[in-house]
Amino acid sequence: MANYSSSLIHLCECFRGSVPKNVDWMSLLGLANQTLTTPALMDFTIRFGEHIPEDVCLYVREIFKRNLVRNDRLAAQLTEAVVAMNDRGVTPILLKSTAILMTEPSHQRGTKIMSDLDIMVAPDEVDSVLDGLFALGYSVHFQAQPGTEKRYADLKRPSDVGMIDLHEKPPGPAYFYRASGDLKQHCQLIPVARGSAYVPSPTYQALILTIHDQFQDSDYWIGNIDVRHLLALRDLVNSPEGIDWDKLSCLMPSRLARNALETQLITLSSLLGVDVPAHLRKRFVPRLQYRRRLAQAHFPALRQAFLIVALLDYRNYRSGVGALRENEVERRRWKLPKPGTLRFLLRLSREHRVGKV
């Protein structure tokens, strides 16, 4: 992993609206590129252009301009896909950055780099939706096999700048959504051209982003920070509806899930200055996990050594997610993770993952 991590605090200072002192601008831009947050510096360069090297401002402006064009094309692609689904009697749910793409002002689209379009439909709607997308020229790039826990399909088309990631369930293990009930009860219907789609509330979007990062991407276990999604969480906090902190906490089904959420919220508060309630920032394990994250960001060589911190929540994992696969006697017995699990985490901790620190 490229050692741009020492610039993390400086980069977050920029996002908080202040010019960092004694900053290495090349390293800061390197980290912004690594975390896919370079265009999000556009507002900062507009406000503080006289304090920033001209070539840095020009670079950020160019990346923002190109990303705005790309996201406008993604919005047009999404609109076409949603209308095609509506024509087949399906109203999809837009997830993650895709939901933000269709609800934020068009002039702000250039601040967020998106990899694909995340769309969710019911399992019994998938075949009809696929037929409609095939009629638009899409083909399957990858499709999970029937019977797997997470069924999804990546669909591509030569003329597009991104793929459609078609989901049957929200991202991450289904266990973490067991307290949520039907996802649509947390959504509102928005117009999309002559059609419509569901968009989760800011509170539920925060839940999805947290579960995606912490457990689907394993950030909680290996101590990664996704700065791009921290910025998305900040935008959700600052949205007109805002985040209902008590409701978000109640949606977490276990101690493990609450630890992961509070780790994310402590990171959000500490790095970006977001006003998170004090009772969600005071428990020992989440605070320790945050300090581990920060230490790894500054000293990447410690990543493997700090995997031991994950063992603090292994019992909580076994009594929650693991309970679906173990009997009561096994859950009560303390034991280390299986060798295969340890090898998996070691491999993940060595990987350079785009968008992560």
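I began with the largest nonpolar core of this predicted model, a set of 73 residues in which Leu8 and Leu41 touch the most other members. I then looked up which element gives the most to this core, and found that α11 does, with 9 residues. Apart from this core I noted another, of 28 residues, which includes Ala75, Leu155, Ile164 and Val199.

For Leu8 I set aside the neighbours within four places in sequence and listed what remains in contact, namely Leu31, Ile225, Val227, Leu271, Leu294 and Ala297.

At the start of α2 I found a side-chain oxygen of Asp24 within 3.1 Å of the backbone nitrogen of Met26, and following the helix I noted Leu36, whose phi is positive, near 60 degrees.

I returned to α11 (residues 255–272) to examine how it meets α7 (residues 202–216), and found that their axes come within 10 Å and cross at roughly 105 degrees. I therefore record α7 and α11 as roughly perpendicular to each other. On the α7 side I listed Thr210, Asp213, Gln214 and Phe215, which meet Leu256, Ala260, Leu261, Thr263 and Gln264 of α11. Sorted by class, this contact has 4 nonpolar, 4 polar and 1 charged residues.

Note on methods
Residues numbered from 1 in each chain as written. Predicted model: local features only at pLDDT ≥ 70, side-chain atom pairs only at ≥ 80, totals over all residues. Heavy atoms only, no water. Axes fitted to C-alpha atoms, helices over the stretch in contact; angles between N-to-C directions. Helix = DSSP H or I, 4+ residues; strand = E, 2+ residues; numbered from the N terminus. Parallel < 35°, antiparallel > 145°, perpendicular 65-115°, else oblique. Contact = heavy atoms within 4.5 Å. Nonpolar A, V, L, I, M, F, W, Y, C, P; charged D, E, K, R; others polar. Polar contact = N/O pair within 3.5 Å; in protein donor to acceptor, adjacent residues only side chain to side chain. Core = buried A, V, L, I, M, F, W, Y, C linked by side-chain atoms within 4.5 Å. Buried < 20%, exposed > 50% of the residue type's maximum accessible area, 1.4 Å probe, protein only.
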